Amino acid sequence: MFENILSALASNLTFETVLFCIIGVLLGIIVGAIPGLTATMAIAILIPFTYSMDMIPSLAMLLGVYNGGVYGGSIAAILMGVPGTPASSMTSLDGHPMARRGEGGRAIGIATISSFLGGIVGCVCLLILCSLLASIAQKFGFPEYFVLTVFALVVIANASGDIVTGLISAAFGVLVSIVGSDGMTGYARLTFGSVALRSGISLIPCLIGLFGVSELINQLYNLRDEPKPRQKVGKVFPGWKLISEIKGPILRSAVTGTFIGALPGTGGTVSAFTAYNYEKGRAEDPDSFGKGNPVGIAAPESANNAAVGGALIPMLALAVPGDGITAILMGAFALHGIYCGPTIFTEAPEIVNTVYIFEIFANIAMVIFGMMFARWFAKVIDIDDRILIPVILLVCMIGAFSASNHMYQIVVMLVFGIIGFMFRKTGLDNGTAILGIVLGKTSEVKFRSAMAMSRGDIGVFFRPICLVIWALVIFMLISPRIGNYLRRRKAEKKAADDRC
Amino acid sequence: MKCKKIAAYFLAVVLCLSLLSGCGKQSEASSGSSPVSSASSSAVTDEYANYPERDIELVLPVGASGDTAVNVQVLIPLVEEALGNDATFVVNAMPGAASSVGLLYARDQKADGYSAAFTNTNHALIRAMGYADLTYEDFDVVCSAYTECVDVFIRGDETRFNDIASLVEYGLAHPDELNIGTAVVGGCFYFGAFDFLKKTGIEATLIGNDEGSAGLAISLLNGDVDVVITSMGTLNTYVKSGEISMIASASEKRLTNYPDVPTITECGYDVVLMSTRGIFVPKGTPQAIKDKLEAAFEIAVNSDAYKQFCLDNSAEAYFLSGEEYEEYLAEELELFTELVNDSGLVKK
């Protein structure tokens with residue numbers, strides 16, 4: 001296997017392919033950094049161009065865009081508080097506060113290193129565990145997916161602090177997600193007769209609204225004439241000490257990310273949420289999350305880039321795309337006569353090896369660009385808020401519009417911006433709401449499909465894989481509490497010892 | 001100070017880029033309605049020798065990432081070449097509400113030959129499903145391009161049945177036992193599965209969702225469903241590997257790729273469900289332009305490159321002239337209206 005990869009390496013790494021891969025990564029970073037423009041869109045626009053190119057360079061370029069785009073989302077999340085892509089929502093929670101206090105360069109540095117390490121772990125898993133993970137993903141039927149969505153929602157509702165506000169936020173998201181045609185019967189639900197709402201409320205305008213516009217409103221609300229802390233651009237590289245401190249969360253999140261990414265239909269967003277909340281629940285100082293904790297950047301960034309490698313697994317091995325980007329990537333592959341699925345490993349093994357190689361190469365290009373440009377990106381925040389905020393708002397509007405070329409998406413964005421601002425003021429959690437929107441409909445359709453399939457037998461949710469996930473749910477609920485309990489007891493004991 | 005300047009430049013570049021990418025797909029739409037261009041097109045109304053003189057907007061009423069979009073990427077360069085005059089189509093993907101969002105937009109464009117729509121069979125469902133009062137009759141029909149049909153799939157190692165006859169026999173003997181996986185409820189492939197159950201009289205549970213063909217393949221291999229009735233799509237890789245067998249196709253004649261697999265009609269049940277893609281233009285587009293487009297699409301659709309691409313992607317190139325396609329569309333509309341009414345999906 002490794003000899004094949006080496007020979008593929010020798011034949012594929014030509015000047016042309018490397019150049020296209022680098023262009024792809026750069027393009028991906030730029031597109032990802034603009035809120036609302038996602039790698040999915042960039043690939044859709046690039047497909048006509050790659051059609052006239054040779055297969056290998058176009059493959060290199062598309063993988064570059066994919067990796068660059070997932071990473072680029074974090075730049076906007078950190079600098080503007082507006083996640084460039086859904087998967088980078090969690091990064092904004094700690095990245096943006098860090099940037100506001102003048103450490104934008106450092107925050108981007110942490111995001112870059114974590115994305116790189118996460119991406120590499122994802123690649124290694126893709127390389128070594130592809131068939132194993134594919135065979136696991138293949139065992140996921142409707143009941144397993146339903147339990148998985150329950151897992152994700154429970155984890156985040158639990159970790160967002162107060163479980164009651166967490167559940168309210170999640171329920172709000174689920175409510176938003178069920179607007180539109182009923183996934184099982186086609187009935188129009190909660191559309192109030194609007195044709196535009198028949199296809200539901202799109203995620204991208206919601207996301208830009210809940211995270212981006214609400215943050216802008218918040219900044220306007222707090223707009224003062226005091227000068228902002230100037231950006232310290234000297235320290236982009238976070239330093240080996242910090243890296244060794246956060247290597248645990250990075251590795252754990254990368255494994256989580258790869259695994260969740262490998263399950264079709266969940267992808268980077270869910271893995272970033274899960275990783276963030278797991279680390280938050282596990283941390284000794286959960287209160288520092290959301291205020292600029294480096295782990296809060298490292299965990300989701302590592303997870304969402306690891307999910308890239310993960311998502312390629314079901315795409316290659318099962319012809320089932322793990323997320324929107326792999327869906328379109330599969331189409332792009334088909335244009336070049338590459339057909340994913342169980343036959344690809346025997347019919348086109350060289351293609352699989354090429355994918356491995358450029359996955360790794362794209363990650364290397366990404367870390368170089370990220371470290372090179374972080375200090376320049378960070379300078380954006382030094383611009384006066386009175387200029388910056390309208391510009392960002394404009395970018396947000398364009399992003400929301402281009403999600404499907406409809407004006408009404410901008411209205412959706414603004415409405416959700418106001419809702420998001422009210423969420424912030426009332427202590428509800430925007431992140432939980434987004435996850436509710438991402439998972440609500442999936443969860444419902446999987447549940448109902450499972451019930452239809454089993455003729456109403458609830459036992460179907462307790463098949464072996466489901467039981468494993470249920471166990472994980474319980475573990476996630478209990479482990480932070482036990483940890484806290486042990487720490488408290490230790491502290492009490494210490495206090496008691498001190499008294500003696 | 002210098003840094004501030006650089007930052008401002010950077011921001012300007014980002015903004016310009018985002019403007020570019022935001023408007024790229026849309027710019028042609030706005031230029032179509034500008035007074036300058038409409039004046040220039042009225043100047044040549046009697047002579048279309050130079051058609052097209054500017055970009056043609058092609059509305060795609062489905063997402064930019066689906067298999068229809070990929071197919072269009074292959075077809076359009078061939079059409080552009082056949083049309084000559086440096087013809088350029090600008091694809092504008094406007095998905096939403098069973099393709100009605102994009103088609104309503106396309107219907108209202110100027111009938112000057114510079115806007116067209118690439119449609120799929122979903123439009124036959126728009127009125128019946130209550131999305132909008134819109135049918136093919138609101139457009140002028142140019143021609144069709146390609147088609148795919150609904151097929152019946154079972155596990156490769158299935159022992160209970162191995163063809164349509166034994167499947168129907170088993171299904172009738174075991175009412176309400178089979179689970180049948182299909183595409184999203186209320187979409188055109190779903191109605192293929194629905195029609196199959198109706199015509200054969202099998203009582204079974206239809207489980208429809210939008211996991212795509214390969215997703216359904218996994219449900220089938222897991223044993224969660226017993227039969228899958230949907231379009232082939234990416235499921236072909238599982239047929240190739242032998243894990244899944246295809247036992248019949250709901251097409252008019254046997255598929256080129258699978259000459260040994262009978263049609264459902266051959267098996268004695270009149271189920272023909274094809275999703276055919278074609279080209280519409282706004283009503284009132286000059287006949288001379290429609291003829292030019294039809295001729296160009298005919299060359300492109302019948303080219304070996306396109307035919308082969310379609311076959312590789314579980315579809316078939318399928319050219320019907322404007323008149324033939326219009327007849328086809330009339331039958332299609334009737335069939336789907338009837339199926340929707342029978343299905344009870346829409347409350348009266």
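I begin with a definition: two strands pair if DSSP finds at least two bridges between them. Helices (H or I, at least four residues) and strands (E, at least two) are themselves DSSP runs, numbered from the N terminus.

Two remarks on conventions are also in order. This is a predicted model, in which local features need pLDDT of at least 70 and side-chain atom pairs count only at pLDDT 80 or more, while totals for chains, interfaces and linings use all residues. Residues are numbered from 1 along each chain as its sequence is written, chains are lettered from A and ligands numbered from 1 in the order in which they are written, and side-chain values use heavy atoms, with hydrogens and water left out.

Let me turn to strand E4 of chain B, residues 139–155. A residue is called buried under 20% relative accessible area, exposed over 50%, and partly exposed in between, with a 1.4 Å probe and protein chains only. In E4(B), 17 of the 17 residues are buried, so the strand is largely enclosed by the rest of the structure.

Which strands does E4(B) pair with? Finally, two bridges join E4(B) in antiparallel fashion to strand E10, residues 316–317 of chain B, where B:Tyr146 is partnered with B:Ala317.

A parallel pairing is found elsewhere in chain B. Strand E5, residues 179–182, and E6(B) run parallel and are joined by four bridges, with B:Gly181 and B:Ile207 as bridge partners. From strand E6, residues 205–208, B:Thr205 and B:Ile207 point one way and B:Leu206 and B:Gly208 the other, and all are buried.

Helix H8 of chain B, residues 212–222, is mostly covered, with eight of its 11 residues buried. Among the buried residues are B:Ser213, B:Ala214 and B:Leu220. After H8(B) comes B:Gly223, whose phi is positive, near 85°.

I now move to chain A, whose secondary structure comes to 18 helices and two strands. Is its overall form compact or extended? The radius of gyration, taken over C-alpha atoms, is compared with a globule rule of 2.2 Å times the number of residues to the power 0.38. For 500 residues, a compact globule would have a value near 23 Å, and chain A, with 22 Å, agrees. Its C-alpha trace spans about 70 × 65 × 60 Å along its principal axes. Buried residues make up 61% of the 500 residues in chain A.

Contacts, meaning heavy atoms within 4.5 Å, can also be described by sequence separation. Of those in chain A between residues at least 6 apart in sequence, 80% join residues at least 24 apart.
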